[in-house]
Amino acid sequence: MTNQEIEIEFKNLLTFDEFTSLCSAFKVKSDDFFTQENHYFDTPGFALKEKGCALRVRKKGDTFTLTLKQPAKEGLLETHQVVTEDEFVAMKNAKTGLINGIIANILNDELSITPSEVIYFGSLKTNRAELSYKDGLLVLDESNYMDTSDFELEYEVNNYAQGEKLFHELLEAYGIPLRETKNKIVRFYEAKACSLTGEGDQK
């Protein structure tokens, strides 16, 4: 994995029926899904969120990857840093703040955020299936977080204009309306805020 890359993806929330219909159309079976966990971090005052950034550790198999997402001209700039399980646990338990490395340097030098202030907020677990589709990667996600679950279609591409056209054509072909879809971390924080204010399970 390179340290930095531009992520261009299109996403759309799905109903359960739309999700199962797409699984059927693309011949995706239950054993095609794998599980990954996103663990989200920010400062107590949400300094990263305020700058349009996101910070997570993704557990995939036995690998833990710390990723910082920053707004870019097209898509998002992702910076990756592989961490050990012990380093992840130390961050999660607020023993160290953010560990040293390229991401801590970006927070400190570019974003004026003190790495030692970073704390853990919670996790989101996703059951994911991936398949190639017209020079891109099509992703079907079922995500579970707080007391909420949702279904989502993502399309990861290298060319923004072409990818947007193909994604919209795909939705139209299967009769799926285009929905405003927030990133997983935003949906997670909104669900967490609802739980803290006692507003119940809202998406």
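Ser143 sits in strand β7, which spans residues 136-145. The model is predicted. Ser143 has a relative accessible area of 1%. The cut-off for buried is under 20%, so Ser143 counts as buried.

Which residues does Ser143 touch, beyond its neighbours within four places in sequence? The contacts are Leu124, Lys125, Thr126, Thr148, Ser149, Asp150 and Lys184. Lys125 is 18 residues away from Ser143 in sequence. In space, their C-alpha atoms are 5.6 Å apart. Thr126 also makes a side-chain link: its side chain is in polar contact with the side chain of Ser143, at 3.0 Å.

## The largest pocket

The largest pocket has a volume of about 700 Å³. Its lining comprises 31 residues. Nearest the pocket centre lie Glu7, Arg56, Arg58, Glu78 and Glu156. Eight elements need naming here, as each gives two or more residues to this lining: β1 (4-14), β2 (34-42), β3 (54-60), β4 (63-71), β5 (76-83), β6 (119-133), β8 (148-157) and α6 (184-197). Strand β1 gives the most, with 6 residues.

By class, the lining of the second largest pocket divides into 4 nonpolar, 3 polar and 3 charged residues.

Glu7 belongs to both linings. In the largest pocket, Glu7 is among the residues nearest the centre.

## Cysteines

How many disulfides does the structure hold? The count is 0. A disulfide is a covalent bond between the sulfur atoms of two cysteines. The test applied here asks for a pair of cysteine sulfur atoms within 2.5 Å.

Are Cys53 and Cys194 buried or exposed? Cys53 has a relative accessibility of 8%, so Cys53 counts as buried. Cys194 has a relative accessible area of 10% and is buried as well.

Key. Residues numbered from 1 in each chain as written. Predicted model: local features only at pLDDT ≥ 70, side-chain atom pairs only at ≥ 80, totals over all residues. Heavy atoms only, no water. Buried < 20%, exposed > 50% of the residue type's maximum accessible area, 1.4 Å probe, protein only. 1 Å grid on protein atoms, 1.4 Å probe; cavity = no way out; pocket = protein on both sides within 12 Å on 5 of 7 lines; lining within 4 Å. Points joined across faces, edges and corners; volume = space filled by probe spheres on them. Helix = DSSP H or I, 4+ residues; strand = E, 2+ residues; numbered from the N terminus. Nonpolar A, V, L, I, M, F, W, Y, C, P; charged D, E, K, R; others polar. Contact = heavy atoms within 4.5 Å. Polar contact = N/O pair within 3.5 Å; in protein donor to acceptor, adjacent residues only side chain to side chain.
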